[in-house]
Amino acid sequence: MSIFAAILLSVAPTLSAQAAESPPGSSPQGVYGIDVATSQSDLDFEAIRKAGYQFAIVKAGGSNVSPTYTAPFYQKQVERARAAGLLVGHYWVAGSRDDPKKDAKFFVDHLSDYREGDILVLDNEGIDDGEFWNDEKTASFLKEVQSKTGRLPLFYTNSSLVRSIDWPQTKALGTKLWIAHFTTPAKPNIGNAFPTWVIHQYSDGGKQDIIPFDIDIAKLDAFEGLSQPPNGETGPPVGAIIPPKASYTVEQGKIIQRIAAVGGYTGPIDGDPGNNTWLGVSRVLKQSNVLKDAETNEQGLQRLAQKYGYTGAIDGVLNADAFAGLRAYLDSRSAAKPNAVSVKPSESVESAPAVPSEKPVAPESVESAPAVPSEKPVAPESVESAPAVSSIEPIPVMSSAKPAETAPRHGRTFVVSPDDLAAAATPAESAEPVGSAISGVEEPERAVEDANPAPAESSVATSKPESASARGKAAPFAALASTGVDSVVSLIGVSLVLLVGGVIAVLRSRHRWFKGVFGSAEESRSES
């Protein structure tokens with residue numbers, strides 16, 4: 001090796017390190033990207049790519065709430081991000097108190113369109129109902145995913161948590177750190193917890209239309225062995241450098257959250273506005289037509305406050321006068337319509353979903369309170385309502401006939417001839433419904449207008465509805481009853497005569513006593 005070559009090799013690392021550092025006062029160079037979850041379900045990934053971002057890391061699911069879940073928009077977001085030309089990552093939210101290997105298996109088994117060059121990530125923050133995993137559990141998950149995919153996931157956590165404990169087992173695996181610290185890009189505080197970081201989530205202030213998102217800057221080391229960013233390291237995309245956030249008092253923060261609730265925010269009113277708060281605020285400003293292009297939410301709030309007495313500048317700095325106007329806005333809504341919601345009814349659920357609380361929740365969980373049942377549940381009845389019945393009780397009759405499938409309605413017209421009366425009194429031999437055995441009776445399913453409706457006094461509502469079967473059996477006689485009292489009396493008389501005659505005939509042929517009483521004189525003498 002020549003002396004000249006040796007000199008070049010010795011200074012190359014220095015040149016590379018200098019290139020990675022940003023000159024004083026300039027925006028840092030890096031691979032800019034975003035990370036998304038449920039709140040960004042309708043994000044336009046094409047617009048994100050055109051703005052200059054190169055990767056999108058998507059929430060796959062987690063065990064931060066029970067049961068373990070897959071994020072509801074995971075598959076759709078992966079498809080859209082990849083179609084837009086972004087590098088894709090998949091992250092899993094830790095939290096289970098069970099064996100981390102079970103989480104690892106669920107994560108790998110439910111990866112959507114996972115490809116060899118995709119980024120895999122473990123998000124360990126202890127949010128919602130989940131616990132913050134210690135070094136041993138973190139390493140266990142990472143090793144299990146590596147054994148199943150051949151790739152060691154990145155480790156994501158925030159600046160405070162990463163410095164709270166030691167990570168010997170996690171670092172021994174060669175794990176790379178993705179650190180969350182909202183500060184100057186590429187300047188996170190990791191203390192001595194890890195040798196370095198490869199991705200820095202430095203802001204949650206990104207915004208596409210009204211949808212907020214987190215912004216990340218990555219080193220090329222983050223993509224070692226993976227799909228490479230097509231543009232390498234670049235300057236920040238448009239809007240990627242977010243000015244420091246203003247600080248608000250708790251009371252001011254609550255005012256902002258109450259305005260967000262008008263736009264669908266359902267999280268706590270605790271005075272600490274987060275991403276989902278600002279999403280709700282953006283909806284209110286959009287519906288109120290006060291948010292102009294390229295203006296921040298804060299400027300939009302100032303314009304809203306102008307309608308209620310604020311006379312200051314539209315500079316994005318919410319002072320006491322601006323909050324007085326915003327408070328007047330809320331007071332006016334309470335006075336006019338306490339439960340008013342400004343989201344347009346015509347908007348679809350997907351285009352205007354209810355904004356969740358600041359902390360993500362599993363899709364299986366329910367954000368709104370379920371409907372509360374009545375104190376005394378009422379058992380379902382077989383009949384929708386109690387039908388009106390004739391004042392004349394139908395006469396029960398023993399029959400093997402099958403009841404009609406559809407219970408006939410009361411108040412229909414039936415035509416009955418003398419021959420029909422005799423047929424009705426004769427026991428049916430077939431399984432044909434009783435109603436169809438009467439000549440001239442309309443079919444139960446056919447609607448017949450009542451030619452002679454009964455007066456109101458002749459019908460009373462029963463306190464207990466009849467079953468369909470009981471109404472089916474009694475239907476023919478109820479129908480005959482509607483023809484008039486005289487007809488029914490005649491029918492009763494004929495039926496009784498025929499019934500008594502039949503009984504005597506049977507007994508006469510089989511019983512001696514009946515033969516003696518009702519038989520002829522010759523038969524009586526011969527037997528004696």
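This is a predicted model: local features need pLDDT of at least 70, side-chain atom pairs count only at pLDDT 80 or more; totals for chains, interfaces and linings use all residues.
Modeller: One detail to begin with: Asn 319 caps the N-terminal end of H11, with a side-chain oxygen 3.2 Å from the backbone nitrogen of Asp 321.

Biologist: What residues does H11 cover, and how many are there?

Modeller: H11 runs over residues 320-336, which is 17 residues. From first C-alpha to last it reaches 24 Å, close to the 24 Å expected at 1.5 Å a residue.

Biologist: Which residues of H11 are buried?

Modeller: Ala 322, Phe 323, Gly 325, Leu 326, Tyr 329, Leu 330 and Arg 333. They cover an arc of only 160° around the axis, so they sit on the same side of H11.

Biologist: And what covers the buried residues of H11?

Modeller: The cover includes helix H8 (250-262), helix H9 (275-287) and helix H10 (297-306).

Biologist: Which exposed residues are on the face turned away from the buried side of H11?

Modeller: That face carries Ala 320, Asp 321 and Ala 335, which are exposed.

Biologist: Different topic. Where is Lys 59?

Modeller: Lys 59 is in strand S2, residues 55-62.

Biologist: Is Lys 59 buried or exposed?

Modeller: Lys 59 is buried, yet it has no salt bridge. The nearest side chain of opposite charge is Asp 128, 6.1 Å away. A salt bridge needs the charged atoms within 4 Å.

Biologist: What does the side chain of Lys 59 make a polar contact with?

Modeller: The side chain of Tyr 69, at 3.0 Å.

Notes: Residues are numbered from 1 along each chain as its sequence is written. Side-chain values use heavy atoms; hydrogens and water are left out. Helices (H or I, at least four residues) and strands (E, at least two) are DSSP runs, numbered from the N terminus. The expected span of a helix is 1.5 Å times one less than its number of residues. Buried means under 20% relative accessible area, exposed over 50%, partly exposed in between (1.4 Å probe, protein chains only). The arc is that of the directions from the helix axis to the C-beta atoms. Contact means heavy atoms within 4.5 Å. A polar contact is a pair of N or O atoms within 3.5 Å; within protein, one must be able to donate a hydrogen and the other to accept it, and residues adjacent in sequence count only if both atoms are side-chain atoms. Lys and Arg count as positive and Asp and Glu as negative; His and the chain ends are not counted.
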